[in-house]
Amino acid sequence: MNTHASPEIIRTDNVTKKFGEMVAVDHVNYSLCENEIAGIIGSNGAGKTTFFNLITGYYTPEEGTVIYEGKDITALPAQKRVALGMMRTFQLTSTFDSLTVTDNLVLSFIRAHKKHSLFNLFVTPRSRHRNNDKIKECLETFDLQQVAQRDVKHLSLGEKRRLEIAMSILAEPKVLLLDEPLAGLSETEIKGVLDVLRLNVSKQTILIVEHKISKVEDFLERLTVMHEGKIIADGKCEECLNAPEVRKSYWQID
Ligand SMILES: Nc1ncnc2c1ncn2[C@@H]1O[C@H](COP(=O)(O)OP(=O)(O)OP(=O)(O)O)[C@@H](O)[C@H]1O
Ligand SMILES: [Mg+2]
């Protein structure tokens with residue numbers, strides 16, 4: 001359903017993914033508009049991550065198509081989708097744990113802006129970029145100044161998540177896709193991560209997959225609920241959460 005005024009950026013038509021006999025994603029039609037802040041929720045095994053993997057190119061659907069900016073990308077590998085501006089956190093933007101927070105940001109910046117090979121990335125003097133305004137701004141925005149010189153392996157989970165999102169945002173992707181970015185975080189850390197994501201509202205398309213709606217309800221403009229591989233509701237959060245099918249399947253209220 002396209003309820004957003006801006007153009008569509010991602011669309012899936014009838015995408016289906018099976019694991020043996022099990023249909024994990026079942027003929028899903030979904031559309032995401034530019035600068036939309038959307039979420040997908042659903043109970044365990046609903047198919048959220050599998051659907052996410054179909055969008056980002058980790059899986060190829062057995063049926064259906066994935067469209068990005070009007071082009072059919074169904075067969076395009078994940079890495080090529082990144083080059084088109086689709087950025088997925090926590091997998092492609094994994095951190096270098098033995099380097100400092102600043103140096104991780106620097107590497108992300110160089111990778112995104114200089115289009116260097118991985119080899120060049122390591123031989124480029126990082127010191128040259130440490131005072132770069134973008135890096136400094138990023139440390140501030142993501143509340144990472146206090147840990148700027150700390151090796152990533154000594155960060156708390158919340159700090160590491162903020163760094164991972166900061167690294168993705170430095171690459172200036174068109175679409176930021178997050179699969180359970182709040183998992184394992186405390187209430188304060190969740191607030192911290194959502195606060196930094198809020199800074200990008202209306203500048204970037206954001207799709208968050210989350211298990212629990214309570215964490216992201218206030219943040220999302222639009223919600224999609226999945227159950228047993230299918231979309232059972234799509235629209236404003238409140239409407240979706242009160243839909244009879246959602247009450248039955250997600251809340252398990254008769
Ligand atoms: N690689 C795989 N091989 C076999 N079955 C899989 C695989 N990945 C997912 N499944 C199955 O597909 C279904 C959907 O799984 P998926 O991980 O997409 O659900 P989910 O909504 O992300 O769940 P969760 O909230 O637990 O993360 C589940 O029944 C799961 O067991
Ligand atoms: Mg999942």
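Q: Which residues gather in a patch of negative charge on the surface?
A: In this predicted model, the patch of negative charge on the surface brings together Glu217, Asp218, Glu238 and Glu239.

Q: Where does glutamate 239 lie, and is glutamate 239 buried or exposed?
A: Glutamate 239 belongs to helix α9, which covers residues 237-242. A residue is called exposed when its relative accessible area is over 50%. Glutamate 239 therefore counts as exposed, with a relative accessibility of 57%.

Q: How is a pair of aromatic rings described, and how many aromatic pairs does the structure hold?
A: Two quantities describe such a pair: the distance of the centres and the angle of the planes. Three aromatic pairs are present in the structure. One of them joins tyrosine 30 and phenylalanine 51; this pair is edge-to-face, at 5.5 Å centre to centre and with 90 degrees between the planes.

Q: Which parts does the pair of tyrosine 30 and phenylalanine 51 tie together?
A: Tyrosine 30 is part of strand β2 (residues 22-33), while phenylalanine 51 is part of helix α1 (residues 48-56), so the pair links parts that are 21 residues apart in sequence. Both tyrosine 30 and phenylalanine 51 are buried.

Q: What values describe the aromatic pair of tyrosine 250 and tryptophan 251?
A: The rings of tyrosine 250 and tryptophan 251 are 4.9 Å apart centre to centre, with 75 degrees between the planes. Planes over 60 degrees apart count as edge-to-face, and the pair of tyrosine 250 and tryptophan 251 is edge-to-face.

Q: Why does tyrosine 250 count as buried, and why does tryptophan 251 count as partly exposed?
A: Tyrosine 250 counts as buried because its relative accessibility is 17%; the cut-off for buried is under 20%. Tryptophan 251 counts as partly exposed because its relative accessibility is 37%.

Notes:
Residues numbered from 1 in each chain as written. Chains lettered and ligands numbered in written order. Predicted model: local features only at pLDDT ≥ 70, side-chain atom pairs only at ≥ 80, totals over all residues. Heavy atoms only, no water. Patch = residues over 30% accessible without salt bridge, like charges linked within 9 Å, V, L, I, M, F, W, Y side chains within 5 Å. Areas by Shrake-Rupley, 256 points an atom, 1.4 Å probe, with all protein chains shown as cover. Salt bridge = Lys/Arg side-chain N within 4 Å of Asp/Glu carboxyl O. Lys, Arg positive; Asp, Glu negative; His and termini not counted. Charge placed at Lys NZ, Arg CZ, Asp CG, Glu CD. Helix = DSSP H or I, 4+ residues; strand = E, 2+ residues; numbered from the N terminus. Buried < 20%, exposed > 50% of the residue type's maximum accessible area, 1.4 Å probe, protein only. Phe/Tyr/Trp six-rings, centres within 6.5 Å; stacked < 30°, edge-to-face > 60°.
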